[in-house]
Amino acid sequence: MTTPSSPTSAWRPGMPGGDTLPSGPAGRPSAPGQDGHGPETGPPTVTIGSYPDYPSAQRVVDYLADNRFPVEHSAIVGTNLTLVETVLGRMTTGRAALAGAGTGAWFGLFIGLLFGIFTAGNWVAVILVGLLVGAVWGAVFGAVAHAMTGGRRDFTSASSLRAGQYAVIVDAQFAEQARQLLGRMHMTASPPAR
């Protein structure tokens, strides 16, 4: 005798009706792979070298390509990722208005060009008016948007991801060929981290 499952019970393989997964918002999900970690992502790979910076890893792949290695079976994988937000400067209402004016001017130029194409008269004036109106409205919107933040983010910044090290991996069937080519390259690589 089976007991009805409660709404809080989770689906598990091997349960009655466990051969079919319930559909979700994205459609029918696939069952996990044999090891329970999901479907295979491709052929097995081998790390042939680990490097402290991207140019070194790029140099290895470039060397493999120059020696007719099938580089479509390789990849550079960054590990130990860090998000770095570099502060570029202080953001004031004036700077926000200036940035908005620049963005608005581009949009106004685009609209002015569209209207200028269909103008029988002075099309240059139409383009200039579009540019000026766009710049003014962009400045107004930029200043208002900055003022509405209430001073919670009074700086500009640029974000980037940086990796602590870069591994060059190749498909397992090409690992020995890649190692032989790297031996000829006379480049010392640190052993892959485990």
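**Notes on the predicted model**

1. Leaving aside neighbours within four places in sequence, Leu181 is in contact (heavy atoms within 4.5 Å) with Tyr63, Leu64, Asn67 and Phe69. Leu181 is placed in helix H4 and is buried, with a relative accessible area of 4%. Here buried means under 20% relative accessible area, exposed over 50%, and partly exposed in between, with a 1.4 Å probe and protein chains only. Leu181 and Phe69 are 112 residues apart in sequence, yet their C-alpha atoms are 8.5 Å apart in space.

2. On the basis of the values: this is a predicted model, in which local features need pLDDT of at least 70 and side-chain atom pairs count only at pLDDT 80 or more, while totals for chains, interfaces and linings use all residues. Residues are numbered from 1 along each chain as its sequence is written, and side-chain values use heavy atoms, with hydrogens and water left out.

3. The protein chain has 4 helices and 5 strands, in the order β-α-β-β-α-α-β-β-α from the N terminus. Helices (H or I, at least four residues) and strands (E, at least two) are DSSP runs, numbered from the N terminus. Of the 194 residues in the protein chain, 24% are buried. Among contacts between residues at least 6 apart in sequence, 78% join residues at least 24 apart.

4. Which residues touch the most other members of the largest nonpolar core? They are Ile48, Val60, Leu64, Phe69 and Val168, in a core of 17 residues. The elements that give two or more residues to this core are S1, H1, S5 and helix H4 (175-185); H4 gives the most, with 5 residues. A nonpolar core is a set of buried Ala, Val, Leu, Ile, Met, Phe, Trp, Tyr and Cys residues joined through side-chain atoms within 4.5 Å. Beyond its neighbours within four places in sequence, Phe69 is in contact with Leu64, Val170, Phe174, Gln177, Ala178 and Leu181.

5. Strand S5 (residues 165-171) has 6 of its 7 residues buried. S5 pairs in the antiparallel sense with strand S1 (residues 45-51) over 6 bridges, and S2 and S5 also pair in the antiparallel sense, over 6 bridges. Two strands pair if DSSP finds at least two bridges between them. Tyr166 in S5 is the bridge partner of Tyr51, and Gln165 in S5 stands opposite Thr79.

6. Asp171 deserves a separate entry. This residue lies in strand S5 and is buried without a salt bridge; Arg179, the nearest side chain of opposite charge, is 13 Å away. A salt bridge is a side-chain nitrogen of Lys or Arg within 4 Å of a carboxyl oxygen of Asp or Glu. For charge, Lys and Arg count as positive and Asp and Glu as negative, whereas His and the chain ends are not counted. Leaving aside neighbours within four places in sequence, Asp171 is in contact with Pro43, Pro44, Thr45 and His73.

7. Helix H3 (residues 123-148) has 26 residues and reaches 37 Å from its first C-alpha to its last, close to the 38 Å expected. The expected span is 1.5 Å times one less than the number of residues. Buried residues in H3 are Ile127, Gly130, Gly134, Gly138, Gly142, Ala143 and His146, and what covers the buried residues of H3 includes helix H2 (93-117). An α-helix has 3.6 residues a turn, so residues three or four places apart point the same way. Val133, also found in helix H3, counts as partly exposed because its relative accessibility is 42%. Val133 and Gly104 are 29 residues apart in sequence and 8.0 Å apart in space, C-alpha to C-alpha. H3 is followed by Gly150, whose phi is positive, near 70°.

8. Most residues other than glycine have a negative phi. Arg68, which is not a glycine, has a positive phi of about 60°; Arg68 is in the loop between helix H1 (54-66) and strand S2 (74-79), and counts as exposed because its relative accessibility is 75%. Asn80 has a phi near 55°, again positive in a residue other than glycine. Asn80 is in the loop between S2 and strand S3 (82-90), and its 55% relative accessibility is why Asn80 counts as exposed.
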